[in-house]
Amino acid sequence: MGPPRSKKRRPTFRRLLKTSDVKLENKLKNRQMKQQNVAKKQRKEQKKLRQAVKDAAIRTPRPLETYRKRPEEEEEEEEEEFLESLPTDMMEDEDLQQMTSMARQASFITRDLSSCGPVHSGKKRSSAVVPSYEKVPRKMARTEEKEVIHLLPIKDKTGVIPQSIERVIKQPPEEEEEEEEEAANEPEEFEDEGEPESTAALTAEQREQLRVHKINEKKLHIAGLGSAIISNPYSNIKRVKELRGMLMESDPCVAVTVRKLVMVSLMEIFKDITPSYRIRPLTPEEKAAKVKKETQQLREFEEGLVSQFKFYLEDLEQTIKDWKQQKKKRSQAVGFQSYRGLAEVAVRCLCELLLALPHFNFHNNIIVILVPLMNDQDKKVSGMCCDAFRKLFQQDKVGGASLATVRVISGLVKSLNYNVRPEVLKTFMSLRIKEVEMKKDIEATAPKKKFMNNKEKKKNLSRMQRKWKKAEEKLEKELLEAEASESKEKKIKLHTETLNIVFLVYFRILKKAQKSVLLPAVLEGLANFAHLINLEFFDDLLNVLQSLIQSGDLTNRECLHCIQTVFTILSGQGDVLNIDPLNFYSQLYKMLPRLHAGAPNDDIIIVLQCLDAMLTRRKKQVSLQRAMAFVKRLSTLSLHVLPNATVGILAANRATLHAFPKCDFLLDNEVQGSGFYLPELDEPEHCNAQNTALWELHTLQRHFHPVVRRLAVHVCQGAPSEGSAALSVDLSRRSPVELFNAYSVKDMTFNPPVAPPSSKKKDRFVIRAKLLDEELQRRAESVLTVTEDTELDFNTTHEHTHH
């Protein structure tokens, strides 16, 4: 088979006939174009002929003055305008003679002052040359044009008296601006030349006085504008533009100070005059509709407020960008060193607006500007932004602003490949999700009441009943609005979405960046929100946390956060799961001796929280051997920690004794079962804790801290809730964490001060040193009296400790 035939049809004779008209039109156009080209050639020839005639006329006697030739383009344009109107083929001899005679004559009027040389060639060359500014034409005095307006006539006894009034015609704004620019540009050339001489002539004190005087003038101007705006914002909203224009202050002496003052002033003004609702743009129908004068004034105010607020935010953002990019504009009078100060003030203003106007327009834009600055290298800027978002999370009751912020932070962490500062993720700890999610009562879960429609009313109710039913439904709707039941559902929905994004960030870091500096913040956040984690993620999360602990790469604080997360999950929604986290019990039991007075004392808080979740809340799932092992090791730990930690640990032991009453075996010297106690073993189930005694309590009864002594006596007597050995109300009703915080000594330091202390400080340090020496001596005595065999008789140990 040959090649396929083309599907394109060849034109038939009829089609050619149809297109013949088009061809005729094209031929006609071509003929016209040729005629035009011929006419052009003829005009060119005539032009050459005219030029030759002119050259012949000018060649004979030369004029008195020699002129500088103009550019060829201008010469051709002028000649075409005049000579084309006089074709050479119709010129007579008389006209030609008249033209040549005119060319020979030279007068002052026909000369071009800007293009000709000096008239008298005999003048000396040393004569002063005319300055360039003298050549600029002078501005003529403008006479105000007046317009006569005829008014209605007045009829009098004499007759009809015509009335009229004169009105000055205002100049168009464009012309006024041009004149102002010209007037401003002309004197600046002389002022710039004279100012350096005047400032150079001043001394340093005079310059400073001049600068203070200028700043005071600017302050008064700013204060006047601000008070006018705040006193009547509806009519003076346009003055915000004038105040905002001072952000571009060009005087280098006061530019930085004035810009800072204007930034802060505008921030306070917007905080005062901004309404408590969001302003939406008007629709075309609303703009076209006729409204009252008050409504129109309100619309103009809102429109001006939104536009000026937008421009103000753009100015602040541009200030921060200039600082980050270190770009100096030609029109700016601010040096590179001042960029940082301006940027810090701009960031502070944005943080204030973030907290003060969470409901107003462009709030999300402020969030987008500030979130990247949380990860800035400048600690002051990043600290301001992080503090602002913490406060925003704490005061956000509905959750809309928190959701928007968490979204932007999630995008930032992902875009930077998890290379952000830990403080960025620590702001999540301030979210109010925990408080709102726990408030689930019967009213929130109750189904909504449905109202009857019109058909049901007509079918089932009489006319009077329908009337009463309508009134009841109206009242119930108002009550529902007052209770804000819809906002409660909206709040829960927003918090759920926010929490999902937070967990998404945490799980991504656990999966992809386990060795990053963000891991401590992630584990702390998981421990805080663990009770809200979905059951679907429990198995995977437990496996990940267990692998992290067993890897050995984590610090004590991070391991404690892992353990706290696991037991928070199991004490909340995870109580339905049949899981025995024995490995996590062993890990905490193993870590307890590592905590001491020299380490950060805040780790004890996490230990106390873990003990509450592991022993007190899960007392049904914990064996007695495990509880006794923890009580013994905690008693040993209480000997070498700070007093506030000792108070918290003894309170935790008291709670364990109440949860496991059979732990009072440790208060007796009789042996319970076979074997002997193995204090170095890290398995709480197999260390035989039932065969030891809490001899540490007798040592703590002679502690220098009075609360420690009181708690030690109380626990040594079995932690009774009644009787003479019972605790007072201020101690018995507090949790271990509360007691730890109540008796913490934050100002105690063991490092000597750099500067020589005063007499009062010396006395305080001497007292502390004595107390510490006594405590160390007591502990040394107690250690000497206890032999390697810890299973000595309790009474014998008691006697040795007394000696």
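Biologist: Let's start with N375: where is its place?

Modeller: N375 sits in the loop between α12 (363–370) and α13 (379–395); helices here are DSSP runs of H or I, at least four residues, numbered from the N terminus. This is a predicted model, where local features need pLDDT of at least 70, side-chain atom pairs count only at pLDDT 80 or more, and totals for chains, interfaces and linings use all residues. Residues are numbered from 1 along each chain as its sequence is written, and side-chain values use heavy atoms, with hydrogens and water left out.

Biologist: Which residues is N375 in contact with, leaving aside neighbours within four places in sequence?

Modeller: They are L416, N419, V420, R421 and V424, where contact means heavy atoms within 4.5 Å. The side chain of N375 also reaches the backbone nitrogen of R421, at 2.9 Å.

Biologist: Good to know! Why is L298 called partly exposed?

Modeller: Its relative accessibility is 31%. Buried means under 20% relative accessible area and exposed over 50%, with partly exposed in between (1.4 Å probe, protein chains only), so L298 counts as partly exposed. L298 lies in helix α10 (residues 293–325).

Biologist: And what makes α23 largely enclosed by the rest of the structure?

Modeller: Of the 16 residues of α23, 13 are buried, so the helix is largely enclosed.

Biologist: How does the span of α23 compare with the one expected?

Modeller: Helix α23 (residues 556–571) reaches 22 Å from its first C-alpha to its last, close to the 22 Å expected; the expected span is 1.5 Å times one less than the number of residues.

How values were computed:
Helix = DSSP H or I, 4+ residues; strand = E, 2+ residues; numbered from the N terminus. Polar contact = N/O pair within 3.5 Å; in protein donor to acceptor, adjacent residues only side chain to side chain.
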